[in-house]
Protein chains: 2
Amino acid sequence: MINQLEGKLKERSIRPTAMRLLVLEVLEKQSSAISLTELEQTFGPSDRITLYRTLKTFEDKGLVHSINDGTGAPRYALCEEGCECDYRRDMHVHFYCRACNQTVCLPQLKIPAIALPEDLLPEEASLVIKGLCGKCQ
Amino acid sequence: MINQLEGKLKERSIRPTAMRLLVLEVLEKQSSAISLTELEQTFGPSDRITLYRTLKTFEDKGLVHSINDGTGAPRYALCEEGCECDYRRDMHVHFYCRACNQTVCLPQLKIPAIALPEDLLPEEASLVIKGLCGKCQ
DNA sequence: CTATGGTATGCAATGGAATTGCATTTTATT
DNA sequence: AATAAAATGCAATTCCATTGCATACCATAG
């Protein structure tokens with residue numbers, strides 16, 4: 001179990017420290033994207049800054065991606081198998097429920113290609129749909 | 001001229017105060033969406049909070065829409081003729097240039113309909129494409 | 001096994017921005 | 001002109017991201 005987590009980190013040349021393993025474990029359990037503050041709360045007394053940097057490291061290394069759902073605080077979710085968050089065509093749609101404040105990934109839904117004006121060179125894209133999730137209707 | 005601006009405000013039952021007319025005038029001149037800080041700077045010495053609340057009022061009344069382009073600070077742009085920012089199908093695409101930091105509206109590009117899972121009820125959507133604009137390539 | 005250099009962590013502090021309360025001014029209405 | 005409602009300006013608070021620096025940890029060479 002721990003070895004599996006360790007593997008995930010090493011794969012992306014992230015040193016598997018205790019903190020990082022814990023954070024990864026929490027992320028694995030989430031069904032929706034989590035903000036830094038939420039992450040901090042699941043940890044009890046711990047250092048917010050370290051969590052912040054841990055998430056940043058994970059993001060840099062392509063382990064998680066961040067979503068800006070309009071709430072002000074970015075949220076983080078593990079990338080799925082083969083997720084290539086660098087390329088626009090691989091980015092998926094996110095859904096934000098305004099009632100329960102949860103942001104879920106919709107990995108099966110890719111962002112459709114948009115015919116941009118010639119002079120604009122796209123690199124990434126983010127599509128967040130806001131509304132009510134099943135539980136909150 | 002002023003009367004035209006006044007009309008725009010009254011149309012949406014926004015009291016046409018001096019401050020609001022000035023803000024509206026600035027917004028009309030923008031070719032890209034503007035952040036609160038940028039707005040503040042064009043004003044010289046003035047009260048940030050009032051500008052903040054002015055933008056909020058404009059947004060509530062459907063005069064401007066805000067875009068969260070991932071820079072942390074929301075940006076505001078005037079809605080176009082007939083823009084109905086409340087409905088997903090009328091929301092348009094925004095382009096954010098990572099070099100010059102400008103966010104432009106692409107009113108002619110509507111966000112394509114997405115086939116969401118049954119249980120999700122969409123209300124609005126935001127699609128921000130990030131990359132390089134013509135000037136910055 | 002231990003010394004060493006690089007990395008991660010924790011604490012303190014900074015900085016930027018949103019947001020609210022409240023007193024005062026301005027506006028619309030009678 | 002008098003009044004009530006709304007807008008404004010100031011002060012203060014809160015939240016979050018981000019950085020500097022000293023310490024602790026880890027991997028590797030010797």
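**Two chains on DNA strand C**

Let's start at the DNA. A phosphate oxygen of DNA strand C sits 3.0 Å from an N or O atom in the side chain of Arg20(A). This is a predicted model, in which local features need pLDDT of at least 70, side-chain atom pairs count only at pLDDT 80 or more, and totals for chains, interfaces and linings use all residues. Residues are numbered from 1 along each chain as its sequence is written, chains are lettered from A and ligands numbered from 1 in the order in which they are written, and side-chain values use heavy atoms, with hydrogens and water left out.

Back to the phosphates. Thr17(A) has a polar side-chain atom 2.8 Å from a phosphate oxygen of DNA strand C. Chain B takes part too: an N or O atom in the side chain of Arg48(B) is 2.9 Å from a phosphate oxygen of DNA strand C.

Which elements give two or more residues to the surface near DNA strand C? From chain A, helix H2 (18-29) and helix H4 (48-60). From chain B, helix H3 (36-42) and helix H4 (48-60). Helices here are DSSP runs (H or I, at least four residues), strands are E runs of at least two, and both are numbered from the N terminus. H4(B) gives the most, with 5 residues.

Now the whole surface. 18 residues surround DNA strand C, and Thr17(A), Arg20(A), Arg53(A), Arg48(B) and Tyr52(B) are the closest. A residue counts as near if one of its heavy atoms lies within 4 Å of the strand. By class, there are 7 nonpolar, 3 polar and 8 charged residues. Charged means Asp, Glu, Lys and Arg; nonpolar means Ala, Val, Leu, Ile, Met, Phe, Trp, Tyr, Cys and Pro; the others, Gly among them, are polar.

Next, one residue in chain B. Ser32(B) is in the loop between helix H2 (18-29) and strand S1 (34-35).

Last, symmetry. Chain B can be laid on chain A with an RMSD of 0.2 Å, by a turn of 179 degrees and a shift of 0.1 Å along the axis. The two copies are therefore related as by a two-fold rotation axis. The superposition is by least squares on C-alpha atoms of residues with pLDDT of at least 70 in both.

Terms used
A polar contact is a pair of N or O atoms within 3.5 Å; within protein, one must be able to donate a hydrogen and the other to accept it, and residues adjacent in sequence count only if both atoms are side-chain atoms.
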